[in-house]
Amino acid sequence: MVRAEPAAGVLYLVGTPIGNLGDLSPRSRQVLQNVDRIACEDTRRSGQMLAQLGIKARLLSFHQRNETSRIPQLLEIITNGESLAVISDAGLPGISDPGEELVAAALKTGHEVICIPGPCALITALVISGLPTRRFCFEGFLPVKQNQRRKRLQELANDPRTLIIYESPHRLVDLLEELESILGNRPLQVARELTKHHEQQIGPNVVTALAHFRINKPQGECTVVIGGASESKYLGLYPWNQVVLIETLKELIETGSSPSEAARILSKNTGMPRRQLYALLCN
Ligand code: SAM
């Protein structure tokens, strides 16, 4: 028989939507509705999300700055037989969000930990990237300091697995520049605003994404998926999406290039014949 959820004394890690509230699963809803306490990064933000879902809950804050100091109190809650859910602002707790330390402490002290799976930006971005999904490497956010970021990318330069990085929009262009200089013009997709109204994929390689975001200031949430070291050789074969090519040509023209200059710049970046690109503007 399936045990009723939430069960007493259990720690639940509950996945919540990364944009589209329709992605909250019935099981997540059921646990969040009935659990004794919910620990969340931002009580106001999660309170609003839960209110939108019609869920009333006893919230307590659990964020990066109080993660370690809160753990004894959270363990006490489950030791006393209450059920406790942990959620983050979006996606799966424990993935570039608080959760990892609490889970380790709960397991160490003999508590049961259950994950109610849900949306996760890295997996969502990976499966729609068109890049190999069989083996991948998730780096989360790279270090903010430039020398440390560059060192990390150098360590990853020969890794054959698909690489996934979280990045804030205001650092995206810098990251793409570093990717170009350290890893070269690899296949790449930037997944923007996943599951939201303006969801968008920008690729198919580092140079095109860079050209796009130099013209269109990055906004919203971005996850970057990069082909592994062995993927570079496929770059020339990568099918270009005609819509992306036309958009890029138009962007170049809007920022001052003549149509033939735009075709020449894109030809240099993609390896596609200049005339073929120019012809796209005449269709
Ligand atoms: N725990 C979350 C998860 O399971 O994906 C990740 C939290 S991390 C603090 C936030 C980062 O995830 C963002 O800066 C962005 O890189 C990525 N992200 C979150 N939501 C996203 C979305 N809707 N579209 C693209 N990337 C997203």
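Contact means heavy atoms within 4.5 Å. Keep that in mind as you click.

This is a predicted model: local features need pLDDT of at least 70, side-chain atom pairs count only at pLDDT 80 or more, and totals for chains, interfaces and linings use all residues. Residues are numbered from 1 along each chain as its sequence is written, and side-chain values use heavy atoms, with hydrogens and water left out.

**Stop 1**

Select Leu176. Leaving out residues up to four places away in sequence, Leu176 touches Leu188, Val190, Val206, Ala209, Leu210 and Phe213.

Now widen the view to the largest nonpolar core. A nonpolar core is a set of buried Ala, Val, Leu, Ile, Met, Phe, Trp, Tyr and Cys residues joined through side-chain atoms within 4.5 Å. Buried means under 20% relative accessible area, exposed over 50%, and partly exposed in between, with a 1.4 Å probe and protein chains only. In soluble globular proteins, nonpolar side chains tend to be buried together.

This core has 24 residues, and those touching the most other members are Ile165, Leu176, Leu179, Leu188, Val190, Val224 and Ile226. Color these elements next: α6 (146–156), β7 (162–167), α7 (172–182), β8 (188–192), α8 (206–215) and β10 (222–226). Each of them supplies at least two residues of the core. The names follow DSSP runs: helices (H or I, at least four residues) and strands (E, at least two), numbered from the N terminus. Which helix gives the largest share of this core? It is α7, with six residues.

A second, separate core has 18 residues, including Ala7, Val14, Ile38 and Ile55.

**Stop 2: the mixed sheet**

Show the strands β6, β7, β10, β8 and β9. They form an open sheet in that order, with mixed pairing. Two strands pair if DSSP finds at least two bridges between them. Look at the edges: β6 and β9 (200–202) each have a single partner strand, so one side of each is left without a neighbour in the sheet. From one strand to the next, the twist averages 20°.

Zoom to β8 and β9. They run antiparallel and are joined by three bridges. Select Arg192: opposite this residue stands Gln200 in β9.

α7 lies across β7, β8 and β10, at about 10° to β10. α8 packs on the sheet and touches β8 and β9, with its direction at about 40° to that of β8. Axes here are lines fitted to C-alpha atoms, for helices over the stretch in contact, and angles run from 0 to 180 degrees between N-to-C directions.

**Stop 3: the loops around β9**

Stay in the loop between β8 and β9 and select Glu193. Its phi is near 55°, a positive value in a residue other than glycine. Is Glu193 buried or exposed? Glu193 is buried, at 15% relative accessible area.

Thr195 sits in the loop between β8 and β9. Phi of Thr195 is near 70°, again positive in a residue other than glycine. At 19% relative accessibility, Thr195 counts as buried.

Move to the loop between β9 and α8 and find Pro204. A cis peptide bond joins Gly203 to Pro204, with omega about 5°.

**Stop 4: an aromatic pair**

Select Phe138 and Tyr166. A pair of aromatic rings is described by the distance of the centres and the angle of the planes. Rings of Phe, Tyr and Trp (its six-membered ring) pair if their centres lie within 6.5 Å; planes under 30 degrees apart count as stacked, over 60 as edge-to-face and the rest as tilted. Here the centres are 5.0 Å apart and the planes are at 70°, so the pair is edge-to-face. Phe138 is in β6 (residues 136–141) and Tyr166 in β7, 28 residues apart. Phe138 is partly exposed, at 27%, whereas Tyr166 is buried, at 10%.

**Stop 5: the parallel sheet**

Show the strands in the order β3-β2-β4-β1-β5. This is an open sheet of five strands with parallel pairing. At the edges, β3 (59–61) and β5 (112–116) each have a single partner strand, so one side of each is left without a neighbour in the sheet. The twist averages 25° from one strand to the next.

Finish at Pro6, in the segment before β1. Glu5 and Pro6 are joined by a cis peptide bond, with omega about 0°.
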